[in-house]
Structure formats: C-alpha cells, structure tokens
Amino acid sequence: MSSSVDGLAGGGTALLFALRLHSAVDPLKPRLERASADFSTASPAEAAAMLGSLAPASSSISQMSRNVSEAIRHYGRCYWELSKARLSMLVVATSGTGFVLGSGSAIDIAGLSCTCAGTMMVAASANSLNQVFEIQNDAKMKRTRQRPLPSGRLSVPHAAIWASTVGIAGTSLLAWKANYLAAGLAASNLVLYAFVYTPLKQIHPVNTWVGAVVGAIPPLLGWAAASGELPLKSVILPAALYFWQIPHFMALAYLCRNDYIAGGFRMFSLADASGRRTALVSLRNCLYMLPLGLLAYDWGLTSKWFALESSLLTIFISISALLFVHDRTSKNARRMFYGSLLYLPVFMSGLLLHRRPNEHHELMISEPTTKNVLLLSEVEVPEGNSSSDGQYKQKKNSTCKQARPPVAYASVAPFPFLPVPLYASPDSLLPYWM
C-alpha cells in the first residue's frame, strides 16, 4: 500500500509541474488548478480518480500541439509555392554573383548576406503579386491550377498582405544595410515585374522581352550593393541573363503552347504555328552571347581563360538552338531548354572563378581617412641667395596650390561668405581674393 502511495505521490509531483507549465495555454486552466489544490489532501483512491479525470486535459494539449504543427507546415508550404521559392533563389544567386563581382579582393560577408536576404524577400513579393493578379488564368492551366490561390488553400487578401509585407521589408533592408541605389533597383524591379510584365502577358508577346529586363536587373542590384556604383563592366552578367532568357522562355513557350492558350497568355510562339520564328529568335539571342566572354576579359572583369570557356559554352547552347531551327520538334525544344538550364550556372561559376577584384572598390576602401597638409612654418627658407629665394617662392606657390583641399576653393570667390576651413592657411587664400 505504501509503495502505491509513493508512486501516486511521485506522479502527483510530475502532474503539478506539467500543470504549471501548460497553464498559460490550456483552456481547462481552472479545472487543472482545482485538481492541483485538492491532490495533496486526497486519499490514494481519490488521487487515482483525479488522475483519470485529468486525462482529457493532456490529450487536448497534444491535440493543440498537433494543430500548431500542421498550421506551420500548411502556411510554410503555401508561402513557399506563392513565392516561387526556386525561382526566387535563382534571382538571389544572380544578385549574389553581382555582389561578389562588384567587390574588391575582400568580400563583405555580412553585406552579401543582407543583400541576398533583401533580394529574396523582394523576389518573393513580386512572385506572390504575380499569382494574385493571375489567379483566374492559373485556374485554367494544368500546371498551375494547384497553386495556393486557385486551389483555395490561401485567400487573396492573405496573399496580398504577405506580398506587401515581405516586399517592404526587403526594400527597407537593402536601403538600410546596402545603399539607396540597390534599394531603388529592387523596388523598380518589383514594380516592373508585378505591374508591367504581369498584365502585359495577356496583351502582347513583347512581354517576353520585358521579362528578360526584369531578370537582368538583380546582378546590377548586387553590384550596386557592393560598390555603390554601376560601371560599364557591371553589365556583362546582366547582358548574359537578358540574352539567355530569350531561348530559355521560347523553348518553354513552345513546349507549353496549349497551356498558354488555355490560360489566355499571348506568347510569341502562339502566333508562330510552324515554330520557325521562335527557333530563329532563340538562335539569334544565343549568338549575341558569344562576345560576352571577350568583353569581360577586355574590360578587366575576368582573366583570359574565361573568354575561352565562355565562348565554348555559348557555342554549345547555340548548337542546340540550331538543331531546333533545323527540326522544330518537342525533343529539340526540350534539348535547348535543358541546355539553357546548364548554361547559366556554368557561366556564373566561370565569372566567379576567373574574376578580377574591382579596382575602383579597392581604391575607395584604401583611401586614407586623414590628409597631411604641408605647413609653411615647417619649410626652411634659404638666406642670402636671391635666386634661391625666387626658386623657393615659385616652389612654395605650387606646393600650396597642390596641397589645398577642394573644400578650400568653396571658401573663396564666388562664395566669400562661407567660413574659411581651419586646415587652410589664410596666407594661401590671399591671391584668390584679388
């Protein structure tokens, strides 16, 4: 009897701990508190009866835990699909590559992480808004009808709030941790994709080229986040992305013509029954990528090995496009599509492998924080030699002009009302007032 009482006492202690732990979330809190207060004074038989009566409380806790877990999985899956996470990660990869290319020999890992996070949020917002606007079209197509909005797993207001929240958060993060140029590029790309490209898909086939511009901006965003500027050589990767997207989407549009017709999207391939113009446009844009490797080397972005590797890679995808031109079948279109999937990661890997540090970025970070100004009192004036004295005066004047900081010029005419900087010698300003 004593052992059973001890066992019940031990169980009571564990029960009291569990009751206090779950009292904040359990809807049966008053009942549990009364049971814990009466447990210590109850007999063994009454204690056993009380333990049995509290079984539903523990089952409700486990049920609540299962509900929370299922809700997390449900919404996580919906947000993943709504954001087109795989496509968004591709955008992040191009933006991160642009950041590395725009950096010097040392890469700011924290800045790279913030840039990638901000880009991911903005891309997720754009893709979510795209699905909000195209819910009726997606419901008509076989490959998109199971998305969260057409299938009814999420409501349109819920998706719109999600898209707005992550879009604002991503742009704000880029403005805070990178610079306003990167944030401006992100915001403009979001507007271009959601409010220009998306409605244009139902109006005119030029939407493919507008979408190519959208895909070309993220590398510029990354470069701007790293260096705060966009020099000419920063357009190499965006140009490759722009030209690459044409054969990639042309192959996809040719393979999914029936789906696009059902969805009401006006793609280039729909007005080309034979597929000849679609194939020729794909081949032409593949050929446009041929000189990019040479330009990358000539402009100092990469070493000469990248020029060779890029040319061989472009010839490979051009051959797949040429086969599609010669024989316009689904097999050849699929071959060109898979070739485009291989081209982009290999091209970006080559850029990173053979890149040269951004010299202008190196110059900016190595700039000294203080400037040494030559003081006239520290210069020894030679005595008794008029020629030497004249040479000294000429040398002194040239030295003073070179040593004067740019701010000093703002303190003389035509702005005489500005105060003279403390580090500029008053004597050196006299000739400029006359």
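1. A residue is called buried when its relative accessible area is under 20%, and exposed when that value is over 50%. Glu 134, at 2% relative accessibility, therefore counts as buried. Please bear in mind throughout that the model is predicted.

2. Glu 134 is paired with Lys 201 in a salt bridge, their closest N and O atoms lying 3.1 Å apart. This pair connects distant parts of the chain: Glu 134 sits in the loop between helix H6 (109-133) and H7, while Lys 201 sits in the loop between helix H9 (180-200) and helix H10 (207-227), 67 residues apart. Lys 201 is also buried, with a relative accessible area of 9%.

3. How many salt bridges does the structure hold? There are four. One of them joins the side chains of Glu 81 and Arg 153, with an N to O distance of 2.6 Å.

4. Arg 153 is partly exposed, its relative accessible area being 27%. Together with Arg 77 and Glu 81, Arg 153 takes part in a network of salt bridges.

5. A further salt bridge brings together the side chains of Arg 147 and Asp 138, at 3.2 Å from N to O. Both Arg 147 and Asp 138 are buried.

6. The largest nonpolar core contains 31 residues, of which Leu 237, Met 289, Leu 301, Tyr 343, Phe 347 and Leu 351 touch the most other members. Two or more residues of this core come from each of helix H11 (236-255), helix H13 (276-288), helix H14 (292-298), helix H15 (304-326) and helix H16 (330-353).

7. Which residues does Phe 347 touch, leaving aside those up to four places away in sequence? They are Leu 237, Ala 240, Phe 306, Ser 310 and Leu 313.

8. Ile 315, a residue of helix H15, counts as partly exposed at 41% relative accessibility.

Conventions: Residues numbered from 1 in each chain as written. Predicted model: local features only at pLDDT ≥ 70, side-chain atom pairs only at ≥ 80, totals over all residues. Heavy atoms only, no water. Buried < 20%, exposed > 50% of the residue type's maximum accessible area, 1.4 Å probe, protein only. Helix = DSSP H or I, 4+ residues; strand = E, 2+ residues; numbered from the N terminus. Core = buried A, V, L, I, M, F, W, Y, C linked by side-chain atoms within 4.5 Å. Contact = heavy atoms within 4.5 Å.
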